[in-house]
Amino acid sequence: MRILICGGAGYIGSNMTAMLLAAGLEPVVFDNLSKGYKEAIGKAEFVKGDLADYELLVKTLKKYEIEVVMHFAALIEVGESMQQPLRYYKNNVSNTQTLLSAMESVGVEKFVFSSSAAVYGIPQKIPITEDAPKKPINPYGETKLAVEKMCHYQSCAGKLSYAALRYFNAAGAGNNCQLGEAHQPESHLIPLIIEAALGKRSEIKIYGADYPTPDGTCVRDYIHIEDLCSAHLLALEKLGGNRELIYNLGNETGYSVKEVIETVKMVSGRDFKVATVERRIGDPPVLLADATKAKKELGWKTKLAELEEIVYTAWQWHDKHPDGYL
Ligand code: UFG
């Protein structure tokens, strides 16, 4: 089966590509390399292109006789989305509309979309189930929700079967610790702490220690990248007939920022400075998934549920690749 992986050179997309190759499927990576790295795509076919390029998308879908599209290409920083909302709507919403239009024009009807826990905003109930109110509190979350709705109506019109997979905090390195998380500049908690452990930054800042949580710092549900990707493989099998599959992907276990810092210290055996600063705008105190639906309907099981194991894979990768893919 030929699968187009939009954003396949990025962190999650490259891990997905590796897993598809290992499963004997044929991923074709479509990436503009604005954030991703060609080194991360292994032996997959590669098309350098932008999702705004409708003609190239149509040409690529036809040339490779694509049956399914998986879409990982998006801007992902909550804070940045508050500063540059239009850029987020253009990249995450308009470009996805272009992609879906190209798919419609050539009759590709199966779609797997990277959604996010950010669609829930500040949850009223923990753990979060899929039917919880969707009230994003930033443009990033709004763009993810807008695409989910676009997919829903396209499916109602009989033109799409899709999976919207709502990721909690993707973390760790996959493919035998060969594919890790590298953002430029780094913005995510675990790689930032590891940079402090490696002496690449002078300290790690805790964004607020006065939240209503046991130790005052934000609690998140970290999910290993390979567990995240394995849910995509399972969803792939269920697509068809205008089916709409919506799942939370998380471990159902929460760890505070302080706990994550302590875990990195333990796994790396390094000590480093920790400073507490003001809260970051737009951070919900607790995000914790109820993933019962994915477990029940997809038969999904996570393998690396312990934070220590997740951090270990991340540490292995960063220790060997202190400059990421650069
Ligand atoms: N944090 C710090 N210090 C840092 C960086 C982060 O204390 O230097 C804290 C944040 O305030 C937050 C937690 O660590 O409480 C995790 O932050 P990340 O930026 O790593 O991840 P987020 O939970 O903000 O975001 C993740 C995904 C987003 C997605 C969101 C869903 O990265 O793409 O979950 O809400 F939108």
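## A salt bridge across the chain

A salt bridge here is a side-chain nitrogen of Lys or Arg within 4 Å of a carboxyl oxygen of Asp or Glu. Side chains of opposite charge can pair when their charged atoms come close. The structure has 13 salt bridges.

Helices (H or I, at least four residues) and strands (E, at least two) are DSSP runs numbered from the N terminus. The model is predicted, with local features needing pLDDT of at least 70 and side-chain atom pairs counted only at pLDDT 80 or more, while totals for chains, interfaces and linings use all residues. Residues are numbered from 1 along each chain as its sequence is written, and side-chain values use heavy atoms, leaving out hydrogens and water.

## Around the ligand

Let's turn to the ligand. It is surrounded by 20 residues, the closest being Tyr140, His188, Lys205, Arg280 and Asp283; a residue counts as near if one of its heavy atoms lies within 4 Å. By class, this shell holds twelve nonpolar, four polar and four charged residues. Ala, Val, Leu, Ile, Met, Phe, Trp, Tyr, Cys and Pro count as nonpolar, Asp, Glu, Lys and Arg as charged, and the others, Gly among them, as polar.

A polar backbone atom of Lys205 lies 2.7 Å from a ligand nitrogen, and a backbone N or O atom of Leu189 is 2.8 Å from a ligand oxygen. On its own the ligand has 690 Å² of accessible area (Shrake-Rupley method, 1.4 Å probe), and the protein covers 92% of that. Elements giving two or more residues to the shell are α6 (189–197) and β8 (203–207), with β8 giving the most, four residues.

## Backbone points to check

Most residues other than glycine have a negative phi, and most peptide bonds are trans. Another joins Gln184 and Pro185, where omega is about -10°; Pro185 is placed in the loop between β7 (169–171) and α6.

Leu33 has a positive phi of about 60° although it is not a glycine. You will find Leu33 in the loop between β2 (26–31) and β3 (45–48).

Technical notes:
A polar contact is a pair of N or O atoms within 3.5 Å; within protein, one must be able to donate a hydrogen and the other to accept it, and residues adjacent in sequence count only if both atoms are side-chain atoms.
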